[in-house]
Amino acid sequence: MKKHIAVMAGDGIGPEIVGQALRVLDAAARKFNHEFSTEHVLIGGIAIDETGSPLPEATVEACRKADAVLLGAVGGPKWDTIAPEIRPEKGLLGIRKALGLFANLRPARLFPELSGACLLRKDIVDKGLDVMVVRELTGGIYFGKPAGVEVRGGKRTGFNTMIYDEDEIRRIAHIAFKAAMKRRKKVCSVDKANVLDVSRLWREVVIEVSKEYPEVSLSHMYVDNAAMQLVRDPSQFDVIVTSNLFGDILSDEAAVITGSIGMLASASLGSEYAGLYEPIHGSAPDIAGQNKANPLATILSVSMMLLHEFDLEKEALCIENAVRKTLQDGFRTGDIMEEGKTLCNTIEITDKVIERL
Ligand SMILES: NC(=O)c1ccc[n+]([C@@H]2O[C@H](COP(=O)([O-])OP(=O)(O)OC[C@H]3O[C@@H](n4cnc5c(N)ncnc54)[C@H](O)[C@@H]3O)[C@@H](O)[C@H]2O)c1
Ligand SMILES: CC(C)[C@H](C(=O)O)[C@@H](O)C(=O)O
Ligand SMILES: [Mg+2]
């Protein structure tokens, strides 16, 4: 198979982890006789530095033409004080919107080998943890208008608008129910319907969509309770479907299930263009440039790309198994380090994965 991948390494640890994930992709291509060409394009802070924009038009064009997109992370303290319209994060929101990537799948799974690195209670961990967070990605409070900061009645006033129409809710609900059909057939819709009107509509529409999936059981939970339940006992969840902001927060929290945020991969999918694959974590400025970052979330994002974008199930599984074997053999980056294990840097742990492919 021949495919072309647009690569946006971005900022901070982005280039380090993406560089390593591409080595794994190369190794998989050689093993299975595929040809994956790559084209590096700019996004985020580095794009601001080089072009003045966090999302240059050339990047959008390259991503729209590509068969898949791989992203590292954007942002960092260097750009924290620049004008809000051109912050690095705007580049990420912009590319999600430009590619129509409304569905963000964030699978929080615990490799049993990392049970010791997981902060949750041992009896809960022993149940096996595997939660899929389905986050709406192109709507809600992230994009609602009006938004801004202005002087109202002599006071500086900040405002955003949380808005969803029924079509936006319906299409993400379908994604969640379809995902559940391939899993344990349970969807928990997370909202704040006791307070927010937009959540009342969310709940109503999710219930309507559920009628098309009689085999899937649907429950509802308020987001504050969901945040607590996720760390108390995540084994009660199969698929969680939720809005953009709640999904952002709950997926970082769900990373606790995996042992580290450096383990959680993601796929952002739409219908018109290819999907975008990225770890859920950020640019980790505190460890950037030190060859310390855990590249496994990005490597697992490549595995998700092979599966979701190219239907290469065997190849995807091979990468996942190589990651598992690396952990089984006791190799760890700092974020998942435990006593008795072998500490590796970013490059060394990737070497171990490639050896085990
Ligand atoms: N998708 C993205 O590009 C994305 C996601 C989240 C945050 N950000 C941006 O990243 C910057 C830093 O944000 P933050 O500090 O809140 O979140 P972060 O995810 O970058 O880091 C949070 C903590 O997790 C650690 N961490 C993250 N990834 C790791 C990895 N692969 N291996 C080991 N440790 C890892 C970091 O060292 C830090 O201690 C901000 O500018 C933020 O806007 C970008
Ligand atoms: C960097 C930021 C815009 C982004 C988000 O909030 O969506 C990040 O936190 C994520 O989870 O991908
Ligand atoms: Mg986030």
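This report covers the overall fold of a predicted model and the residues that UniProt annotates in it.

## Basis

The model is predicted: local features need pLDDT of at least 70, side-chain atom pairs count only at pLDDT 80 or more, and totals for chains, interfaces and linings use all residues. Residues are numbered from 1 along each chain as its sequence is written, while chains are lettered from A and ligands numbered from 1 in the order in which they are written.

## Overall fold

The protein chain holds 12 helices and 14 strands. These are DSSP runs, numbered from the N terminus: H or I of at least four residues for helices, E of at least two for strands. The radius of gyration, taken over C-alpha atoms, is 20 Å, close to the 21 Å that the globule rule gives for 357 residues, so the chain is as compact as a globular protein of that length. That rule is 2.2 Å times the number of residues to the power 0.38. Along the principal axes, the C-alpha atoms fill a box of roughly 60 × 50 × 40 Å.

Of the 357 residues, 48% count as buried. Buried means 20 or more other C-beta atoms within 10 Å of the residue's own; exposed means 12 or fewer; partly exposed lies in between, with C-beta atoms placed from the backbone. Among contacts with a separation of 6 or more, 75% join residues 24 or more positions apart. A contact needs C-beta atoms, placed from the backbone, within 7 Å.

An unreviewed UniProt entry gives a "binding site" covering Arg96, Arg106, Arg135 and Asp224. They spread over 129 residues of sequence and also in space, up to 26.7 Å between C-alpha atoms. UniProt positions follow the numbering used here, feature names are shortened, and annotations may be inferred rather than shown by experiment.

Arg96 sits in helix α4 (residues 88–98). Arg96 is buried because 21 other C-beta atoms lie within 10 Å. Leaving out residues up to four places away in sequence, Arg96 touches Leu101, Leu137, Thr138 and Ser268.

## The gathered aspartates

A "binding site" listing from the unreviewed UniProt entry names Asp224, Asp248 and Asp252. They span 29 residues in sequence, yet no two of their C-alpha atoms are more than 14.5 Å apart, so they gather at one spot.

Asp224 lies in helix α8 (residues 223–232). Asp224 is partly exposed, with 13 other C-beta atoms within 10 Å. Asp248 belongs to helix α9 (residues 244–258) and is buried, with 20 C-beta neighbours inside 10 Å. Asp252 is in helix α9 and is partly exposed, with 17 other C-beta atoms within 10 Å. Not counting residues up to four places away in sequence, Asp252 touches Ile261 and Ile280.

Definitions and conventions. Contact = placed C-beta atoms within 7 Å.
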